[in-house]
Amino acid sequence: MLKRFNIKVPSAFEEPLLGLADFYGVSAFSNPLIRDEGMGETDFVYTGETIVSFIVSTIEQDSNSIEAGIKNWLRDFNIPQEALNSEEYSENQDWMENFKQYFKPILIEDKIVIRPPWEKPLDCEKQATTILIDPGMAFGTGTHETTRLCLEFLSQIDVKNQSFLDLGAGSGILSFYLMKKEAKMGVAIEIEGAAVENMKKNAAINKIPNGLEMFCADLGKYEPTFLADGLVANITSPVILEYLPHFTPWVKKGGWGIFSGVNSANANLVKEAFKKNGWSNLKEKIDGDWHGFYLNKI
């Protein structure tokens, strides 16, 4: 039996709440709450709140202890206990079904469309790069600000015949975009096994060529077999701060790096880490409480 704890919080609390999930060793995903706005196909606005969900096996994990920990966390941050609710599912039940209401087609920079397969094509797709994403266990269809920030920067790079690394690849959106823009080869790394399996299914949906390898691996233990032209990392601030010295040497001198998943509370710490680890020419974009960075390897 699976139990899903849903916690609705102001978006600024998303990153520390994901850190709590890491502490308990449970799978977690998050999705910003949005509402339709206007009449356009991609018109929606962020509400300023995010749902963070913990997925717990009631057989293998102590769900009561985890629930108590979440309630203590809410109390510590003065968030009402009503922010938490839970649901139970059998192992083969589609527990993502009721989240499909939040998956809307996304248009980025007027040239990238992220769309779940159950939504009809947009009129602009003939001139855009379209990526189809069925989130499955991995969650994520491009609605998150951090994904959008990465894609906005990636759209500025000519990656034809280049190699890349995608760290914390999730559903595979960023890797799929790079391969569709004629990157020669890439490696997408994700620590969640279920996410990697779902990524492979999405690669097939998008007809991604064999040049993309998808691995389930811990960033602290993975070692690439090639020196990459660039690296994209949509991961949390603590992970960037811990592992930046480890994966900086994976990129060629003069190569590019795109990072997001950094909230405002940690942005200055992350920028200092970039300087200490040989990244320069900082370009920064902010979307809500999230920061994205476009850098060059010195």
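**Figure 1. Helices H6 and H7 side by side.** In this predicted model, the axes of helix H6 (residues 237-247) and helix H7 (residues 267-276) come within 10 Å and cross at roughly 20°. Here a helix is a DSSP run of H or I with at least four residues, a strand is a run of E with at least two, and both are numbered from the N terminus. The axes are lines fitted to C-alpha atoms, for helices over the stretch in contact, and angles run from 0 to 180 degrees between N-to-C directions. H6 and H7 are therefore roughly parallel to each other; angles under 35 degrees get that label, over 145 is roughly antiparallel, 65 to 115 roughly perpendicular, and the rest oblique. On the H6 side you'll find Ser237, Ile240, Leu241 and Leu244, which meet Leu269, Val270, Ala273 and Phe274 of H7. Sorted by class, that contact has seven nonpolar residues, one polar and no charged ones. (Nonpolar covers Ala, Val, Leu, Ile, Met, Phe, Trp, Tyr, Cys and Pro; charged covers Asp, Glu, Lys and Arg; the others, Gly among them, are polar.)

**Figure 2. A closer look at Ser237.** Ser237 sits in helix H6. With 0% relative accessibility, Ser237 counts as buried (under 20% relative accessible area; exposed is over 50%, partly exposed in between, with a 1.4 Å probe and protein chains only). Skip its neighbours within four places in sequence, and Ser237 is in contact with Glu15, Gly261, Val262, Asn263, Asn266 and Val270. Contact means heavy atoms within 4.5 Å.

**Figure 3. Helices H1 and H2.** Now for helix H1 (residues 14-24) and helix H2 (residues 63-76), which pack at an angle of about 150° with their axes 11 Å apart. H1 and H2 are therefore roughly antiparallel to each other. H1 brings Pro16, Leu17, Leu20 and Tyr24 to the contact, and H2 brings Ser65, Ile66, Gly69, Ile70 and Trp73. By class, the contact of H1 with H2 has seven nonpolar, two polar and no charged residues.

**Figure 4. The setting for these close-ups.** The protein chain has seven helices and 14 strands. Buried residues make up 53% of its 298 residues. Among contacts with a separation of 6 or more, 68% come from residues 24 or more positions apart.

**Notes.** Residues are numbered from 1 along each chain as its sequence is written, and side-chain values use heavy atoms, with hydrogens and water left out. Local features need pLDDT of at least 70 and side-chain atom pairs count only at pLDDT 80 or more, while totals for chains, interfaces and linings use all residues.
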